[in-house]
Structure formats: C-alpha cells, structure tokens
Amino acid sequence: MDHSTESQTDRKELKKTMSPAEVWALAVGAIIGWGCFVLPGTRFLPDAGPLGTCLAFLIGGGLLCTVALCYSILIKVYPVAGGSFTYAYVGFGTRAGFICGWALVLGYLCVIAANGTALALLSRFVLPGVFDVGYLYTVAGWDVYAGELAMMSAFFIFFGYMNFRGMDMASSLQLILAFALAGGVLVLILGSVATETSHVDNLFPLFAEGRSPVACVLSILAITPWLFVGFDTIPQTAEEFDFPPEKSRRLMINSIVCGALLYALVLIAVAIIIPYTDLLGQNHSWTTGAVANMAFGRFGGVILAIPVMAGIFTGMNGFFMATTRLLFSMGRGKFLHPWFVKVHPKHGTPTNAVLFTLGLTLIAPWFGRSALNWIVDMSAMGTALAYLFTCMTAYKYVANFPDIPEARWGKPVAIIGGLTSISCFAMLALPGSPAAIGIESWFILLVWVALGAAFYFNRASELNAIPHEQMQYLLLGTKDRPLLFEAAQSTSAGMNK
C-alpha cells in the first residue's frame, strides 16, 4: 500500500522463512566472531590464564542462560522483530524502549565493524603484501591501506546484498558457514594437541601471573555479555520464524553452550602447544596464527583461515540481520524515521534499514583496527543494558500472569539475570575494576549518548502523541498482547487476554 504515513491497516511485516537450524546457525555464528581467534593471545591468557578464562566462560555462560530464559518467556508472547527494544517498551514505556534500542544499535553495529576489520588482520597474516598496499595514514598505531579498504568494503557490500535479497539466502549462507566454523575449530584443536610439544603442563600457571584468581575471572566475566552477544539475535528475528516461538528457548541455550565450548577449544589449542607464558613472551602479531603454524607448518595459516573467515562472516551476516530488524522495528514504532519501515515488495526485507546499516559499516574501516578495539568494552555495556531491560520485563510479565507455566521459575531466573546484567555493567563502568573501560571508550560512549538524546528529543513530541493502543499495534501487531507498564497504572481491556 502506498500511504505517506503508516496507519493501523498497513502495518509492514516480515516474511516467515527461518527454520530452527537456520536460527541456531544465526546465533552460534553471531556469538563466534573474530574475538574467538584474536583474544586468546591479547586478552584471555595475559589477563586471566587458561583456567581463569574457562571459569569465566562457564560462569558467564551459565548466568547468560538465565537471561536467555527471560527472552524465551517474552518471545512466546511477543514474537515480533525488535527483541530487547520491544520488551523494554512493553515493560517500561516509550523512553525505556528508545534507550534500549539505541544502546543495542550501537552494540550490533560495533560487532559488524569489528568483524569486518578483522579481515585486514587475517589478510596480513595469510596473504602478506596482497591487500596492505597503497598506504594512506596511521590511526592509533594501525596503518590504513587503500587495498584493505577496498577488500573490506567489498565484503560489507556483499553481506548487504545478501540481506537485501532476503532471509532465505542470508540464513542458508549462515548455516553453511556455522558448520565450517565448528569443523575448523575442531581441526585446530586436534592439530594443536597432536603436536609433539603439546602437554598439559603448558597450561600452567592456570591463572595469570601477578593477579588473584578472582581478579582473573572477573576481568573476563565482565565482557561475557559481549563475548556471547549473538544469542539475542534470535528474538530479533522472531517475526520470521516458520516454527512455534516456544522452540527458541532450547535454541538460545544451545547456542550459548556451543559458543562457550568453541571459545574454550580455541583457547586450549593456543595455550597447550608450548608453555603459554613463553608463547606470549614471543610477542607474535597474532598468537593464534603462530600456533597454527606450529601445528600445521607452512599450511597453518591457510588451515586457520577457514574457521576464522567463517567466524568473521557469520558474525557480520548475523549482526547485519539483527541490526536491520532492530532498525525496522524502531522505525515501525515511530522511534526512528518512518523511512526505516520500507519493505521490499518481492524479497520482504527491510530495504532502507539494510542500506543504512551498510552505509555506517562502510565508514568503519577508515578508522583503523586499533581504534575499533576501543568499542569492544563499550558495546558490552550496551548489551548488558539490553539484557537488564529484558530481565526486568520478564519479571513484570510473570508477576502479572502467575498462572503461566513459567511462573514456577520465572521470578528467580529474572532476578539472577538482572543481577548478572547489573554486575557486568558495573565491572565495566566502575574505576578500579579489573575490567574498567578506558578513556577513549568513555568518550565514544558519551558521543553516542549525546546523539541518542538529540534523536529522541527530535521525535519526542510525535512519539508521546501516539496513543499506547496504536503503538501496541505498530510494535506487536495486535492489541491483545499486554503492555506491562500500563498494568502498573490501571487495568484496561487491552491488557486482558
């Protein structure tokens, strides 16, 4: 329909095309990105040691499973695009919805950019001198080359095109890449363990030297919302499930477990081949790549390139899908300009949201790899905030509907998930914390908050003028699904199922 403004009779919707296997691949691929192969030598082993890191994976993964359970409660009732953004509105109203959505947009875009720029790191290791040509300038110690800019831009455009063409193509590619990723990690760990120098004693000291075991675990635990961000791409695509939404619970838990296992396998593959303290002392530009060469000889880089490229591509593709669905949902609810609501008449994809995401990601490579490292912890703060809104909304839902099956365990799980989110946020924000973010990250965060405030106040009058009943329809597709922030104020027919 061709209307200048969206009414209650022409609400745009996305096609239901995604199978359970494709949804699982979306989440696992989004969880395992460049960080799985870069962070063992730059953060995991130096900051926490092998056991400290694995304990953080175990504890953080377990705690985030409680967050996933909160998502699963809400997906059943609100199976629409938007994920945490939609749940924040349902639980706490317009302002909370915008804050949550804006934080998530930043987090998701950062992951796409970080994965894309990791291609430059990989190409310098596997194909030295091929793309690092045409020197332009240096940012924070990272040389920017025209050849790498062209290569990264080509991949961003490719994934933009895949998402423009439709979820069938993008999700099928994600499934293939996810299996390539898992297979490549298994080859890496088997090759590393089979090396003559490999021995369990190489994993000692189990915790990083000069730090207490608690500080080691906390330093990695604080970034687990960023490490495991990806399972929440499942609720972002809930509107496109071709299966009952209650199946998403098992898929989210399974993706977190698989993600933790793959992280741990890569970590052990790096740490076990020679004493990892000696390995770190050799100051390799890419520690995981050096280990692959030790395990497989001169073909190590090529063998490692398979899971690394699969991880990068699944991360880019998965978060491309999640970001565009989030922008589409925010546009549909008038939180962003209605321009974001355009759906392709043939492919059923959010065309303008894809173009916007592509445009921003094409800017990222120009800032260099080192500058983008500043956003890792900062984006973890955004995802922790989104998890907190989801857990609080799940608590309110269970409290308002005590007869649902989830009522038996919903409240304690929501409390644990909420405390997990607050703790991760605090560990990143509080000075003196072993995981406190740096000055550069704070600066970028403040700029993003200022932009968000400008966007919000620009649209505040229009947003606040929309009756909750109409917003309920725009975001949720029906007036029968409850708005929990209204339940605290009054009882209305729109809340009763």
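Is Tyr397 buried or exposed? Tyr397 is buried, at a relative accessible area of 3%. Here buried means under 20% relative accessible area, exposed means over 50%, and partly exposed lies in between, with a 1.4 Å probe and protein chains only.

## Basis of the model

This is a predicted model, in which local features need pLDDT of at least 70, side-chain atom pairs count only at pLDDT 80 or more, and totals for chains, interfaces and linings use all residues. Residues are numbered from 1 along each chain as its sequence is written, and side-chain values use heavy atoms, with hydrogens and water left out.

Helices and strands are DSSP runs, numbered from the N terminus: helices are H or I with at least four residues, strands are E with at least two.

## Aromatic pairs

The structure holds 29 aromatic pairs. Rings of Phe, Tyr and Trp (its six-membered ring) pair if their centres lie within 6.5 Å; planes under 30 degrees apart count as stacked, over 60 as edge-to-face and the rest as tilted. Tyr78 sits in the loop between helix 2 (35-77) and helix 3 (84-92), and Tyr397 in helix 16 (residues 375-400), so the pair ties together parts that are 319 residues apart in sequence. Tyr78 is buried, with a relative accessible area of 0%.

Tyr456 and Phe457 have ring centres 5.5 Å apart and planes at 75°, so this pair is edge-to-face. Tyr456 counts as buried, at 9% relative accessibility. Phe457 is exposed, at 62%. Both belong to a cluster that ring pairs build from Phe98, Trp102, Trp448, Phe455, Tyr456 and Phe457.

## Helix 1 against helix 10

Helix 1 (residues 20-31) packs on helix 10 (residues 248-271) at an angle of about 40°, with the axes 9 Å apart. That makes helix 1 oblique to helix 10. Axes are lines fitted to C-alpha atoms, for helices over the stretch in contact, and angles run from 0 to 180 degrees between N-to-C directions. Angles under 35 degrees count as roughly parallel, over 145 as roughly antiparallel, 65 to 115 as roughly perpendicular and the rest as oblique.

Helix 1 passes helix 10 in a right-handed crossing. Helix 1 contributes Pro20, Val23, Trp24, Ala27, Val28 and Ile31 to the contact. Helix 10 contributes Leu251, Asn254, Ser255, Ile256, Cys258, Gly259, Leu262 and Tyr263. Contact means heavy atoms within 4.5 Å. By class, the contact residues are eleven nonpolar, three polar and no charged. Ala, Val, Leu, Ile, Met, Phe, Trp, Tyr, Cys and Pro count as nonpolar, Asp, Glu, Lys and Arg as charged, and the others, Gly among them, as polar. A crossing is right-handed if the near helix is turned clockwise from the far one by less than a right angle, and left-handed if anticlockwise.

## Helix 2 against helix 7

The axes of helix 2 and helix 7 (residues 213-221) come within 7 Å and cross at roughly 75°. That makes helix 2 roughly perpendicular to helix 7. From helix 2, the contact residues include Arg43, Phe44, Asp47 and Ala48. From helix 7, they are Cys216, Val217, Ser219, Ile220 and Leu221. This contact has ten nonpolar, four polar and two charged residues.

In helix 12 (residues 287-296), Thr287, Thr288, Gly289, Ala290, Val291 and Ala292 are buried. Their cover includes helix 2, helix 4 (94-126), helix 6 (167-194), helix 10, helix 11 (276-281) and helix 13 (300-332). Just after helix 12, Gly297 takes a positive phi of about 75°.

Thr361 is found in helix 14. Thr361 is buried, with a relative accessible area of 2%. Leaving out residues up to four places away in sequence, Thr361 touches Leu109, Ile112, Phe156 and Phe320.

## Backbone features in loops

Lys334 lies in the loop between helix 13 and helix 14 (351-363). Lys334 counts as buried, at 7% relative accessibility. Its phi is near 70°, a positive value in a residue other than glycine. Lys334 and Leu475 are 141 residues apart in sequence, yet 9.4 Å apart in space, C-alpha to C-alpha.

Ala140 also has a positive phi, near 50°. Ala140 lies in the loop between strand 1 (135-139) and strand 2 (142-145). Ala140 counts as partly exposed, at 47% relative accessibility. The peptide bond from Phe204 to Pro205 is cis, with omega near 0°. Pro205 is placed in the loop between helix 6 and helix 7.
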